[in-house]
Amino acid sequence: MAIDCLVLGAGQEVGKSCVVVSINGKRIMFDCGMHMGYTDSRRYPDFSLISKTGDFDNALTCVIVTHFHLDHIGALPYFTEVCGYKGPIYMTYPTKALAPLMLEDYRKNMDRRGEGEQFTAEHIAECMKKGTWVSFSFAHFIQMLQCLEKDGLGVSLSFRYVFKIVISYERNHLHNPSIFGVWTGERYIIMKDQLPGFNYFLEVYCLKLSFYSDLTPSVIPVDLKQTVQVDKDLQIRAYYAGHVIGAAMFYAKVGDAAMVYTGDYNMTPDRHLGAAQIDRLQLDLLITESTYATTIRDSRYGREREFLKAVHNCVAAGGKVLIPTFALGRAQELCILLEDYWERMNLKVPIYFSAVRNFDRSLINAPGPCVLFATPGMIVGGFSLEVFMQWAPSENNLVTLPGYCVAGTIGHKLMSGKPTKIDLDKDTQIDVRCQIHQLSFSPHTDAKGIMDLVKFLSPKHAILVHGEKPKMATLKERIQSELGIQCYCPANNETVTIPSTHYVKADASDTFIRSCLNPNFKFSTCSSVDKSYLDSNGSKAVSRLSVSDDRVSEGILVVGKGKKAKVIHQDELLNTFGEKRHEIQFAYCFPMHMTRTENIPSASDLLCGLDKCTLISRLSTILSNELSEGNILDLGEQLQVESFRVSVCLSDNCPHRLSGSFQSNLESVFFCCCWAVADEKLAWKIISIMKGSTLQTT
């Protein structure tokens, strides 16, 4: 099985976050955002890539929204009300409460700018409280009725949703076309007092059935760390993400495959929100934002001092301070910061917040200094743009940009340098003489935070979204080189396919289980220096026996057609398939160096009777000093280590000897070796030791 990730937005850019993940037959859309820098077709994700026919209900299992920022939820009313998606949408309780405010604020800004209306106030309201039509078969309804006598109304104590069943028909009109039922999470239960006559009518007229949820919206709020069973296969869970109130990372699991989509998050606490928190999970995939992929932030206190100094200097000189920000999120943190500073410094300069109801717009032209929080952020339009156009020409005024600004916005142009003029459109040019101050009060985590999260979760694969292409490439290399995790940075409308985990449940044979429980002793010799034995020759090398019990569960997985998988011991394999045992033996004959003195006979004289045993004994000493594994057994005329056997070879035409002669000034003696395939690695290690050593016959 594989996990397919279709990136519809935030691929190598910041804006319109939208990733569609197919995991073990389920298809989840994570976020449904809009791009703040575009007013054309690039504003929304290309939803046609999800379904060419526009049947999004069958194409998607559910939609998950991580938080209320427009680049994560801005396209949702368009997707539900214009494109027609009617399926379930999951988000946290704060996100569900605050999202309509953000969407309505943006819609009003579109109206003021004269842009074409993409969705209306009614669309927003319907999107956030929508009910869901679900069709089911006649056979399913009959099955439901058959469950009534067994379950009755007792199951109503555990009901989750109450539905109004609306019956449409093909032939005759029924006098009571609507009945009420209970959804228990597994089946539909009809109240008994509404049953009389229905079996008859249903069987005779073959009704087409559907039901509508009057009481339960398709936007389903979830609590943090609440495991939600979307259907019998898919479960999701939200984790605290920091960033803004209600922001959540979402964990999704289908079968054995699991993943996390972070949305936006912050790994460091601030004045009103804590740091992101998540359990250590076993993940096939982590999809993480990378807004600040290469940035390491200074301390929060240093950034706060810099911000307060810039604002204080401006108002002290009689200037006005514009802080373009969204109504929720950083605005609250900065308000807390300024309020505390104003009290400590006993400042009387007014601070205004344009997002409050019935804000007096004439205050922007009032004489004297002031501080104004104006929406929306990034100066993409609305009141913040209106104020900027009036205050920008004055050198006494200050525009401070507290966070990230998407490419294409006026805020991004101001951050990219200090322009003297900005073209708003072909007929409008803004004269920019005011002070520009940029501060990193962004609620996004920095590069260290991203690396910390990836290291903590240690997924098998990672995908970077919501970032700038060059910086994402740098972070990708760090993740791969430092953490050894395969990482991807897909562009918009690209699909990344990664393998997913699939566990096979298997039985185990009794023989295999016993083999796992039985001791598995391994004997080996190692040489050490005995410091207690000191004479003129120095220390003495002593061979010591080492014993270990390595119980390795090695078996063979057998999967038969139509049968459950089973792990068996290797000795059972032949009986299972009715085959005879065949063993493969390897053999090799090679020369080994040997030295001798005048009192010692030649090599040919040594190769007889007791002298073979002498050579084997000398070889045993060499291997005992050099080989740290296996039990070396001296069997007289041959040596054995596991299945490896070696003996002196007297044959001049040994079939295991390589062609060619051994040229050396030293005498040599041939050894013939054989071993089983299981000990091939050990065998070549012993042969290497023998070839690199010399037999001492003195």
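Mentor: One definition before the strands: two strands count as paired if DSSP finds at least two bridges between them. Keep in mind that the model is predicted.

Trainee: How many bridges join S30 to strand S31, and in which direction do they run?
Mentor: Strands of a sheet pair through backbone hydrogen bonds, either parallel or antiparallel. S30 and S31 (residues 565-568) are joined by three bridges and run antiparallel.

Trainee: Which strands stand at the edges of the open sheet of three strands?
Mentor: The order in this sheet is S27-S31-S30, with mixed pairing. Each edge strand has a single partner strand, so one side of each is left without a neighbour in the sheet; these are S27 (506-508) and S30 (556-558). The twist from one strand to the next averages 30 degrees. The edge strands are S27 and S30.

Trainee: Is strand S19 largely enclosed or left open by the rest of the structure?
Mentor: In a regular strand the side chains alternate between the two faces of the sheet. In S19, Cys 370, Leu 372 and Ala 374 are buried on one side, and Val 371 and Phe 373 are buried on the other. Five of the five residues of S19 (370-374) are buried, so the strand is largely enclosed.

Trainee: Which residue of S19 does Tyr 352 stand opposite?
Mentor: Strand S18 (residues 351-353) runs parallel to S19, joined by three bridges. Strand S17 (residues 320-324) also runs parallel to S19, with five bridges, and there Lys 320 stands opposite Cys 370. For Tyr 352, the residue opposite is Leu 372.

Conventions
Residues are numbered from 1 along each chain as its sequence is written. This is a predicted model: local features need pLDDT of at least 70, side-chain atom pairs count only at pLDDT 80 or more; totals for chains, interfaces and linings use all residues. Side-chain values use heavy atoms; hydrogens and water are left out. Buried means under 20% relative accessible area, exposed over 50%, partly exposed in between (1.4 Å probe, protein chains only). Helices (H or I, at least four residues) and strands (E, at least two) are DSSP runs, numbered from the N terminus. Axes are lines fitted to C-alpha atoms, for helices over the stretch in contact, and angles run from 0 to 180 degrees between N-to-C directions.
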